[in-house]
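I opened this model to go through its salt bridges, its metal site and its sheet. My entries follow in the order I looked things up.

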Amino acid sequence: MSPDLGAEVTRLREQVATLHGELVRYNLVAWTAGNVSARVPGADLMVIKPSGVSYDDLRPDNMIVCDLDGAVVEGDLSPSSDTAAHAYVYRAMPEVGGVVHTHSSYATAWAACGESIPCHLTAQADEFGGEIPVGPFALIGGDDIGKGIVATLSGHRSPAVLMRNHGVFTIGRDARAAVKAAVMCEDVARTAHLARTLGRPVPMAREDIDSLYDRYQNVYGQPGVPSATP
Ligand SMILES: [Zn+2]
């Protein structure tokens with residue numbers, strides 16, 4: 001590994017370890033479920049969480065470096081059991097730099113019902129540009145989960161997919177953007193559930209959703225700071 005590549009891997013080990021703390025902070029994970037990965041720019045590598053390690057014990061030096069077939073390149077522990085799904089997404093979607101998986105309660109309840117989350121909120125229009133779609137049921141292990149994620153999100157505005165009977169996968173231009181999408185997905189899933197228990201959510205016009213999405217993705221935030229990946 002060249003010195004430049006080594007420095008990049010070191011940076012991403014720190015970032016990915018820190019971002020796992022965000023999953024805990026936003027109450028998106030229980031026990032050791034959930035995982036974050038980051039693509040290593042310029043190399044066919046990714047940095048991902050080790051399997052079955054407590055969130056309290058995750059550190060930069062126990063993150064696992066894998067190639068994009070899921071084989072371990074650096075690390076003493078086994079990588080996350082969802083490594084094949086992350087690797088499949090990186091192989092199929094070159095624009096993706098980060099992937100997150102959680103079983104966050106409200107979003108996963110929608111996944112359990114096999115129901116996409118309709119867009120009834122400006123916050124959802126901003127981040128997701130419309131509905132948050134449901135992906136197919138797929139067993140863990142092979143490429144089926146990755147195929148389902150890619151088939152659902154390719155050409156879709158949403159960076160989140162609710163994999164049926166399972167949970168949430170999100171993508172982003174980097175790992176931080178994917179974590180943000182996971183946090184926002186749970187937030188809108190919760191509000192959508194509450195709205196439905198209160199009554200009948202009011203549909204939004206397609207052009208309003210489009211306008212909100214365009215503004216948030218291209219104008220919102222501080223000058224020079226991309227809003228989608230703050
Ligand atoms: Zn899972």
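This is a predicted model: local features need pLDDT of at least 70, side-chain atom pairs count only at pLDDT 80 or more; totals for chains, interfaces and linings use all residues.

Residues are numbered from 1 along each chain as its sequence is written, and side-chain values use heavy atoms, with hydrogens and water left out.

**Entry: salt bridges**

I counted as a salt bridge a side-chain nitrogen of Lys or Arg within 4 Å of a carboxyl oxygen of Asp or Glu. The structure holds 10 of them. For helices (H or I, at least four residues) and strands (E, at least two) I took DSSP runs, numbered from the N terminus.

I looked up Arg91 and found it bridged to Asp69, with the closest N and O atoms 3.8 Å apart. This pair links distant parts of the chain: Arg91 sits in helix H2 (residues 83-92), and Asp69 in the loop between strand E3 (64-67) and strand E4 (72-74), 22 residues apart. Arg91 is partly exposed at 39% relative accessibility. Asp69 is exposed at 61%. Asp143 joins Asp69 and Arg91 in a network of salt bridges.

Next I checked pairs within helices. Glu8 bridges to Arg11, the closest N and O atoms being 2.8 Å apart. They are 3 residues apart in helix H1 (residues 3-25), so about one helical turn separates them. Glu8 is partly exposed at 21%, and Arg11 is partly exposed at 42%.

Asp210 and Arg206 meet in a salt bridge at 3.2 Å, N to O. Both lie in helix H7 (residues 206-218), 4 residues apart, so about one helical turn separates them. Asp210 is partly exposed at 28%, as is Arg206 at 44%.

**Entry: zinc site**

Which residues coordinate the zinc ion? I found His101, His103 and His166, each through NE2, at 2.0 to 2.1 Å. Donors here are N, O and S atoms within 2.8 Å of the metal (3.2 Å for Na, K and Ca); water is not among the atoms, so sites may look incomplete. The donor spacing in sequence is H-x1-H-x62-H. His101 lies in strand E5 (residues 98-102) and His166 in the loop between strand E7 (160-163) and strand E8 (167-172), so the pair ties together parts 65 residues apart in sequence. His101 is buried at 1%. His166 also counts as buried, at 18%.

**Entry: Ser80**

I located Ser80 in the loop between E4 and H2. Ser80 is buried, with a relative accessible area of 5%. I took contact as heavy atoms within 4.5 Å. Not counting residues up to four places away in sequence, Ser80 touches Asn35, Ile48, Lys49, Pro50 and Ser51.

**Entry: sheet**

I paired two strands if DSSP finds at least two bridges between them. The open sheet of 8 strands runs E4-E3-E2-E1-E5-E8-E7-E6, with mixed pairing. E4 and strand E6 (134-135) stand at the edges with a single partner strand each, so one side of each has no neighbour in the sheet. E3 and E4 pair in the antiparallel sense over 2 bridges. Val65 stands opposite Glu74 in E4.

Key. Buried means under 20% relative accessible area, exposed over 50%, partly exposed in between (1.4 Å probe, protein chains only).
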